[in-house]
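Have a look at the structure first, then read on.

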Amino acid sequence: MKTIKYLLIAFAIVSCSDNDDLMPIMEKYDNGLFVTCEGNFMSSNGSLSFIAEDGSIENGIFQEANGFPLGDVVQFMSIIDTLAYIVVNNSGKVVVADAGTMEYITDISIQTPDHITAVSDDVAYVSDWNSFDPNGFVHVIDLATNEITNSIQVGHQPGEILYSNGYVFVIESGVWPDAGNSISVINVESETVVENIIVATNPINMALNENVLWVLSKGETGYDENWQEISVTPGSLTSINTSTLQIDKVIQLHDGKIPRGLDCNDNLLYFRNGETIYNQSVFDQELNATEIVSGNFDNEIIIYENSIFSAYVPAYDLAGEVYQYSFNGDLQNTFQVGIAPGNFGF
């Protein structure tokens, strides 16, 4: 993110002013971590929180800046240059705002957006479940105009997307009760799907380590007629070479646990499996995970400024919490954020 905007003095004032006195103006939301808070479904009370690097916390920053809420189910956000692209899933839009001030700029209307990623300075891709179609779509966005220039059909309920080596990788989570098990690969030059990579059941998260894409699959959960959990197949990690589009290895995770959240830092994969956060070397050929910490964790985890951040949702009508841990698992801070914190952006 570009974090500083410079004060421009107009016309004749410049000729009679000392330019040495012109100082950069710091953005309000400079140097920190955004937390996307989904809110209560159908309540349009999704929000953004901001955790500054000095440990201060500010909640509801978009509504504070603009006087109106973001909408229903704030799913994800990405900072592209100086702008924040905020995915508001159930409201059917991507909100564009100034990343430093949170001042509203425009909306991009998309039926059921899930994730967004930039592929260049000029273009971004947005995944779209498209609830009324058996297949989903990935939309190509012109960042100069914030308009959709192409829509690429992919598989059921496309979720997280990442860009590497000229390709956009798209998780296809499937439509309940049938679980997904594939990653669509889009060539950004031709804007077409060129490969479909079969992975373990229920892929949910991805992370990049140089030219290797890691996919976290959560396995499959079985329920009885009363919706009581009766079986859980193990999750797994799959590594894919982003140049050859070939699977290098598959690592089965711990039995009886449902994983969620994946990040990579310094050749270590960080993931949550059940209520425990682990790390594991990207060079390991089988499960050799180190337990870091156990606690109340519901949604994504992220590595930011040499700390691990994880979110907890106590209820969908209460403020959530974000925990900050050292790499050794020591609790460094607890932040009260908006309702249902789910993801992070910086």
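The protein averages a pLDDT of 89, and 90% of the residues score at least 70; pLDDT is the predictor's confidence in each residue, from 0 to 100. Over residues 1-25, though, the pLDDT is below 50. Beyond near neighbours in sequence, that stretch has 24 contacts in the model, a contact being heavy atoms within 4.5 Å. Where pLDDT is low, the predicted coordinates should not be read in detail.

Some housekeeping: this is a predicted model, so local features need pLDDT of at least 70 and side-chain atom pairs count only at pLDDT 80 or more, while totals for chains, interfaces and linings use all residues. Residues are numbered from 1 along each chain as its sequence is written, and side-chain values use heavy atoms, with hydrogens and water left out.

## The overall build

You get one helix and 32 strands here. Along its principal axes, the C-alpha trace spans about 75 × 45 × 40 Å.

Of the 346 residues, 51% are buried. Buried means under 20% relative accessible area, exposed means over 50%, and partly exposed is in between (1.4 Å probe, protein chains only). Among contacts with a separation of 6 or more, 40% come from residues 24 or more positions apart.

## Charge

The side chains come out as 9 positive and 47 negative, and the centres of the two sets lie 3 Å apart. Lys and Arg count as positive and Asp and Glu as negative, leaving out His and the chain ends. Each charge is placed at NZ of Lys, CZ of Arg, CG of Asp or CD of Glu.

Ile61 sits in helix H1 (residues 61-66), and at 0% relative accessibility it counts as buried. Which residues does Ile61 touch, not counting those up to four places away in sequence? They are Tyr29, Phe34, Leu48, Phe50 and Met102. Ser49 is twelve residues from Ile61 along the chain, with 6.1 Å between their C-alpha atoms.

Gln75 belongs to strand E6 (residues 74-80) and is also buried, with a relative accessible area of 19%. Leaving aside neighbours within four places in sequence, Gln75 contacts Thr36, Val87, Asn89, Asp114 and Asn343.

Ser173 lies in the loop between strand E15 (167-172) and strand E16 (182-187) and is partly exposed, at 24% relative accessible area.

Gln157 is partly exposed, with a relative accessible area of 24%, and its phi is near 45°, a positive value in a residue other than glycine. Glu305 has a positive phi too, near 50°. Glu305 lies in the loop between strand E28 (301-304) and strand E29 (307-312) and is exposed, with a relative accessible area of 53%.

How values were computed. Helix = DSSP H or I, 4+ residues; strand = E, 2+ residues; numbered from the N terminus.
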